[in-house]
Amino acid sequence: MNSEQSIVILTGAGISKESGLDTFRDAGGIWARVRVEDVATPEAFAADPVRVREFYNHRRARLTAANIEPNAAHHALARLEDDWPGEVLVVTQNIDDLHERAGSRNLLHMHGELLKARCQACGHVVGWRGDLSAGHVCEACGRTGGMRPDVVWFGEMPFEMERIYAALESCSLFLSIGTSGNVYPAAGFVQHVIARTRAPTVEMNLEPSEGASLFAQAIYGPATQTVPEYVDRVLAQGW
């Protein structure tokens, strides 16, 4: 194993599904029950902030329920970070905290974090585990009514894109786990890796994503089974 070989891992809702959290685009997923335009855009928040906050309050309560825990796939990626001699970076589209709870430290939340709130007036970000309402006051600027979930809505720019692309352009292995392959810019990461580094690319999913044909290798099955097995293999013999 080479200490200069870095691994970048993109994770999506599929990795948290086995922990009991809803996915988005599966049959019966979140976007089958509620319209994106009603709860996950800046325009929706401007038009009906009560509805948007309630939607995220429900998701936050679900995430913090006692029965929601990191699964074997989350723990395997944390172990890979601990034991691999080079850098391991997890770039997650998920707004849950299951990677952190499993022990991942080198982690970027490109779509924000459900357990944080942000003031629309001054941009101050604070940890937030309870319900969010119009009555909450920003501790930084003192304004009321502008606290929103610190998540990236459709039409907004994902976080940490400069750091993400820098990591993609220097990685030795790119893994995509539990993603649908139809939400950009994340869906384009595999093409970026192929064009810039020609590093091996691996898709790990329950079923082929929309970009499956772009990957050099595909491993299909439950993340709690496939991810620990793949991590064991990488730590034993590389790729």
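## Helix H8

In this predicted model, helix H8 covers residues 161-168, and its buried residues are Met-161, Ile-164, Ala-167 and Leu-168. Viewed along the axis of H8, these buried residues fall within an arc of 125°, so they line one face of the helix. The spacing follows a general rule: an α-helix has 3.6 residues a turn, so residues three or four places apart point the same way.

What do the buried residues of H8 pack against? Their partners are the strands S1, S2 (88-92), S3 (107-109) and S7 (173-177), together with helix H9 (189-196).

## The six-stranded sheet

Strands S1, S2, S3 and S7 belong to an open sheet of six strands, ordered S3-S2-S1-S7-S8-S9 and paired in parallel. S3 and S9 (217-220) are the edge strands, each pairing on one side only. From one strand to the next, the twist averages 15°.

S1 and S7 run parallel and are joined by five bridges. Within this pair, Val-8 stands opposite Phe-174 of S7. Helix H6 (residues 72-83) packs on the sheet and touches S1, S2 and S7. The direction of H6 makes about 165° with that of S1.

## Strand S8

S7 and S8 pair in the parallel sense, over four bridges, and Leu-175 has Val-202 of S8 as its bridge partner.

Is S8 enclosed or open to the outside? Five of its five residues are buried, so S8 is largely enclosed by the rest of the structure. In a regular strand the side chains alternate between the two faces of the sheet. In S8, Thr-201, Glu-203 and Asn-205 are on one side, while Val-202 and Met-204 are on the other. Residues on both sides are buried, so both faces of S8 are covered.

Ile-9 lies in strand S1, which spans residues 7-11. Its relative accessibility is 0%, so Ile-9 counts as buried; the cut-off for that class is under 20%. Beyond the residues up to four places away in sequence, Ile-9 touches Leu-77, Leu-80, Val-88, Leu-89, Val-90, Val-91, Leu-175 and Ile-177.

Which residues touch the most other members of the largest nonpolar core? That core has 23 residues, and the ones in question are Ile-7, Ile-9, Leu-80, Val-227 and Tyr-230. At least two core residues come from each of S1, H6, S2, S7, strand S8 (201-205) and helix H10 (223-237). H10 gives the most, with six residues.

Strand S4 (residues 112-119) runs antiparallel to S5, and three bridges join them. Ala-117 stands opposite Val-126 in S5.

How far apart are the C-alpha atoms of Ile-9 and Ala-117? They are separated by 26 Å, and the two residues are 108 residues apart along the chain.

## The chain as a whole

The secondary structure comes to ten helices and nine strands. Along the principal axes, the C-alpha atoms fill a box of roughly 55 × 35 × 35 Å. The radius of gyration is 18 Å; a compact globule of 239 residues would have a value near 18 Å, so the chain agrees with that expectation.

Buried residues make up 52% of the 239 residues. Among contacts in the chain with a separation of 6 or more, 64% are between residues 24 or more positions apart.

Terms used:
Residues are numbered from 1 along each chain as its sequence is written. This is a predicted model: local features need pLDDT of at least 70, side-chain atom pairs count only at pLDDT 80 or more; totals for chains, interfaces and linings use all residues. Side-chain values use heavy atoms; hydrogens and water are left out. Buried means under 20% relative accessible area, exposed over 50%, partly exposed in between (1.4 Å probe, protein chains only). Contact means heavy atoms within 4.5 Å. The arc is that of the directions from the helix axis to the C-beta atoms. Two strands pair if DSSP finds at least two bridges between them. Axes are lines fitted to C-alpha atoms, for helices over the stretch in contact, and angles run from 0 to 180 degrees between N-to-C directions. A nonpolar core is a set of buried Ala, Val, Leu, Ile, Met, Phe, Trp, Tyr and Cys residues joined through side-chain atoms within 4.5 Å. The radius of gyration is taken over C-alpha atoms; the globule rule is 2.2 Å times the number of residues to the power 0.38.
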